[in-house]
Amino acid sequence: MKNILVTGATSFIGQYLIAELLNDSNNIIYALVRPNSKHKNNLIKFKNVNIIEIDMKNIAILPQKINKIDICFHLAWDGTRTPERYDEKLQQSNYMNSIALYDALVKLECKVFIGIGSQAEYGFNDGIITEETETKPNTAYGKYKLFVCNKIMESSLKDNIRFIWGRVFSIYGKGDNDNTLLMTSIKRMKNNEVIDMTLGTQYWNYLYVEDLAKILVILAKNIKAHGIYNLASDDTRKLKFYIEEIKNILKSKSIVNFGAVPYRQEGVVNIRPDISKLMMYVNGFKFSKFADAILKI
């Protein structure tokens with residue numbers, strides 16, 4: 001029987017992760033949410049989930065609420081979207097809260113820490129991105145994610161805690177933010193509306209959120225898994241091909257004006273993650289097909 005803590009439990013990823021964890025009846029799930037969270041009702045659909053209301057800034061009191069934690073999935077993080085991604089004070093607060101969480105977990109005899117990092121830790125990189133690629137974050141968000149990764153990875157060695165840090169690339173699925181390119185495209189294409197976007201010649205990678213949840217659980221169970229992993233799919237291609245596939249799936253009459261929107265000042269940003277290391281630890285994981293996932297959405 002495993003006592004599992006999920007911070008950021010009401011988040012997009014958090015809800016899918018909890019659903020996956022509940023497939024094992026031996027798990028006891030503790031879902032950490034803000035006091036009076038307006039999203040707490042998102043967890044009502046789950047049975048046998050223990051909701052703990054603590055603000056991350058007060059996370060030091062966690063040992064007063066729980067006796068023991070075996071595994072922690074740390075997803076909680078404020079300011080993941082622009083302009084908050086550039087807010088130095090907010091992102092520094094995320095760092096301090098994460099370190100305080102780790103200290104509380106040590107007191108709770110936690111054995112496995114799984115943190116959700118980001119591709120933003122690498123910054124702009126036009127080549128293939130491996131876990132050994134130099135990290136050059138260009139946002140406060142990416143910088144403090146990297147700080148958390150490095151600090152807890154160092155601490156985990158002396159505390160005998162198995163440390164896993166998943167650098168997540170682009171996630172999609174039902175319940176995602178309505179303003180993402182994929183979700184906006186689906187909505188407009190269903191209504192046969194015109195879509196203006198960049199040329200779409202940049203390479204991109206999308207990972208279905210249900211796949212991400214399964215991968216996180218597999219890594220938690222694999223006692224040999226530790227360190228940093230790129231969490232992405234095996235489907236890297238030019239962005240325009242994703243958009244054209246959505247149009248074909250929905251049989252939409254939308255006109256897509258590729259090139260109507262200019263690239264940002266820094267130019268074309270390519271996302272080409274290497275997942276060779278990940279695949280060594282997830283035992284031939286089969287990713288969802290993009291078309292099947294879009295139909296689910």
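Asn160 sits in the loop that joins helix H3 (140-159) to strand E6 (162-168). Helices here are DSSP runs of H or I with at least four residues, strands are runs of E with at least two, and both are numbered from the N terminus. Before going on, the ground rules: this is a predicted model, where local features need pLDDT of at least 70, side-chain atom pairs count only at pLDDT 80 or more, and totals for chains, interfaces and linings use all residues. Residues are numbered from 1 along each chain as its sequence is written, and side-chain values use heavy atoms, with hydrogens and water left out.

Back to Asn160. What is its phi? Phi of Asn160 is near 60 degrees, a positive value in a residue other than glycine. Asn160 is also exposed, at a relative accessible area of 60%. The cut-offs are these: buried means under 20% relative accessible area, exposed means over 50%, and partly exposed lies in between, using a 1.4 Å probe and protein chains only.

Lys251 has a positive phi too, about 50 degrees, and is not a glycine. Lys251 lies in the loop between helix H6 (239-250) and strand E12 (256-258). With 72% relative accessibility, Lys251 counts as exposed.

The next loop has a peptide bond to point out. From Thr82 to Pro83 the bond is cis, with omega near 10 degrees. Pro83 belongs to the loop between strand E4 (71-74) and H2. For background, most residues other than glycine have a negative phi, and most peptide bonds are trans.

**Two buried positions**

Helix H2 covers residues 88-107, and Ile99 is in it. Is Ile99 buried or exposed? Ile99 counts as buried, at 15% relative accessibility. Leaving aside neighbours within four places in sequence, Ile99 is in contact with Lys151 and Ile152; contact means heavy atoms within 4.5 Å. Ile99 and Lys151 are 52 residues apart in sequence, and their C-alpha atoms are 8.0 Å apart in space.

Asn230 is in strand E10, residues 227-231. The relative accessible area of Asn230 is 0%, so this residue is buried. Which side chain does the Asn230 side chain meet in a polar contact? That of Tyr122, at 2.7 Å. A polar contact is a pair of N or O atoms within 3.5 Å; within protein, one must be able to donate a hydrogen and the other to accept it, and residues adjacent in sequence count only if both atoms are side-chain atoms. A polar atom of the Asn230 side chain also lies 3.1 Å from the backbone oxygen of Asp274. Not counting residues up to four places away in sequence, Asn230 touches several others, including Ile129, Arg167, Phe169 and Leu278.

**The whole chain**

The protein has 8 helices and 12 strands. Its radius of gyration is 19 Å, close to the 19 Å given by the globule rule for 297 residues, so the protein is as compact as a globular protein of that length. That radius is taken over C-alpha atoms, and the rule is 2.2 Å times the number of residues to the power 0.38. Along the principal axes, the C-alpha atoms fill a box of roughly 55 × 40 × 40 Å.

Of the 297 residues, 51% are buried. Among contacts with a separation of 6 or more, 77% are between residues 24 or more positions apart.
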